[in-house]
Structures are given as structure tokens and as C-alpha cells.
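Visitor: Could you take me on a close look at one part of this model, the aromatic rings and what surrounds them? I'd enjoy a connected walk through it.

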Amino acid sequence: MWKRSLVGAVGALRRPYSSGGRGATNISPAVNSMILRSLKDHYMEISKMNMPPKVSPPSQFTIVKGALDSHGPVLKRSYGDEEVSIYVMRLSAPEDEEGAIDQLFIHVDVSKPSQNESLIFLCGLYEDALGIHSVSMRPKLKDSGYILIPSQYTGPVFGELDEKMRDAFHNYIEERGVNESLFKFLQAWLYVKEHRNLMRWFKTMGLFIDGKKPATGA
């Protein structure tokens with residue numbers, strides 16, 4: 001139910017609106033008031049929504065502090081002298097009408113202190129499976145959290161590798177705890193993040209239209 005409610009709150013914003021006038025140059029308090037009222041109504045509606053049940057990640061991983069408000073990694077763990085970082089985003093299916101997050105796109109960063117590059121896996125994650133899309137070496141990520149575009153050859157297409165090598169890479173990340181056991185936590189985490197982003201959007205939009213300055217960190 002809460003999945004549909006969140007999508008419905010967003011969907012309500014998609015209905016086209018026509019002002020009915022042309023060439024208007026004066027600021028209309030009535031229009032501002034109407035928008036502010038609508039923003040407030042939607043803000044109050046989604047603020048009352050129940051979030052999904054709390055899900056903990058697998059025990060070997062820790063949740064990165066501040067991840068909900070950044071583009072950085074969500075989970076981290078140590079594996080020997082390696083640091084394994086997990087980034088996640090929604091991978092929506094075209095036929096998905098209810099906004100359910102049933103497919104995730106994860107970026108797995110395996111780094112070593114003695115190396116200037118990280119081993120990067122781009123994967124599709126599902127409730128019962130994980131599939132590797134690509135494997136490459138890339139410069140270590142900085143504070144931005146964004147994947148850097150490599151300036152050199154990144155390797156062959158993963159699907160063109162022979163089966164034994166593909167299986168070996170799957171075993172490599174599974175040994176580091178990267179498998180379908182991450183799905184439930186990352187799915188719930190994304191719902192919470194999208195809810196927070198939507199709440200923030202309504203609030204900052206309303207403050208701008210009302211001519212108020214948002215508080216630091218709002």
C-alpha cells in the first residue's frame with residue numbers, strides 16, 4: 001500500500017495545468033496561494049505515510065553514515081586488506097505501474113590501500129539473483145561518489161568472456177558478500193531515500209514560492 005501511495009503522490013504532480021491567460025506579467029498572489037496550498041497538502045499526505053519495515057543489512061556490512069543524503073556508498077565492509085563499497089540506484093522496468101522497486105542497479109567498488117585503481121563491478125540485483133553487467137579497473141572514487149569515466153580501455157564485454165571466467169568473477173564478489181542477500185535492505189533503503197527526497201522537494205519548493213529562505217540542511 002505504501003508503495004502505491006508514494007507513487008500516487010508523485011503522479012498527482014504530472015497532471016498538466018493551464019493558467020488560462022497569455023502574456024501575464026504581474027505576479028498573482030492567488031496562483032502562489034494555490035500552489036502553496038497544493039504543496040502543503042501533498043507534503044502532509046506523504047508525511048503520514050508508513051515506511052517499510054526496518055531491514056538490517058547482512059552482518060558483515062555497515063551502513064555508511066549520511067548515505068541517505070548523498071550520492072556516495074550505502075554499505076561498506078572490510079575483506080582482508082580490501083574495502084568493499086556498495087552503491088545503489090533504482091532499475092525500473094517499463095511495465096512497472098505501481099512504482100515497486102523490484103530491480104536494483106548496484107555498483108560494487110573493491111579497493112586496496114596500495115592500489116591507485118579500484119575493481120568495479122556493475123550489477124543488476126534482484127530478490128533471488130545477481131547478474132554482472134561489466135567488470136573494469138577505474139581510478140579510486142573521491143568524495144563525489146560518482147563513477148569516473150575511464151580514459152583507457154576497460155576490458156571486454158562481460159557477456160563475451162568464457163563461462164569459466166564469468167563464474168570466477170561471480171564467485172569473487174559472492175565471496176565478499178555481494179549477492180541477493182543485499183536486496184531486501186537496499187530495496188527498503190531506496191524507498192526511504194525516495195520518500196525523503198520527495199518530502200524535501202515539496203518543502204524547498206514551497207519555501208521558494210513563499211519567498212522564505214530554507215534552513216541550513218533543509
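Guide: Let's start with F121: in this predicted model, its relative accessibility is 0%, so the residue counts as buried, the cut-off being under 20%. F121 has a ring partner, Y172, and the two are stacked, with 5.9 Å from centre to centre and 25° between the planes. F121 belongs to strand 5 (residues 117-126) and Y172 to helix 3 (residues 163-175), so their pairing ties together parts that lie 51 residues apart in sequence.

Ring pairs join F121 and Y172 with F158 and F169 in a cluster.

Elsewhere, W201 and F202 make an edge-to-face pair, with centres 5.3 Å apart and planes at 75°. Here W201 is partly exposed, with 38% relative accessible area, while F202 is buried at 2%. In total, the structure holds four aromatic pairs. A further ring, that of F61, has the charged end of R77 over it, 5.8 Å from the ring centre.

How far can you trust the model? The protein chain has a mean pLDDT of 81, and 77% of its residues reach 70 or more. Confidence is highest in strand 2 (residues 75-79), at a mean of 98, and lowest in helix 1 (residues 2-11), at 52. Over residues 12-19 the pLDDT is below 50, and this stretch has four contacts beyond near neighbours in sequence.

Notes
Residues numbered from 1 in each chain as written. Predicted model: local features only at pLDDT ≥ 70, side-chain atom pairs only at ≥ 80, totals over all residues. Heavy atoms only, no water. pLDDT = per-residue confidence, 0-100. Helix = DSSP H or I, 4+ residues; strand = E, 2+ residues; numbered from the N terminus. Contact = heavy atoms within 4.5 Å. Phe/Tyr/Trp six-rings, centres within 6.5 Å; stacked < 30°, edge-to-face > 60°. Buried < 20%, exposed > 50% of the residue type's maximum accessible area, 1.4 Å probe, protein only. Lys NZ or Arg CZ within 6 Å of the ring centre and 35° of its normal.
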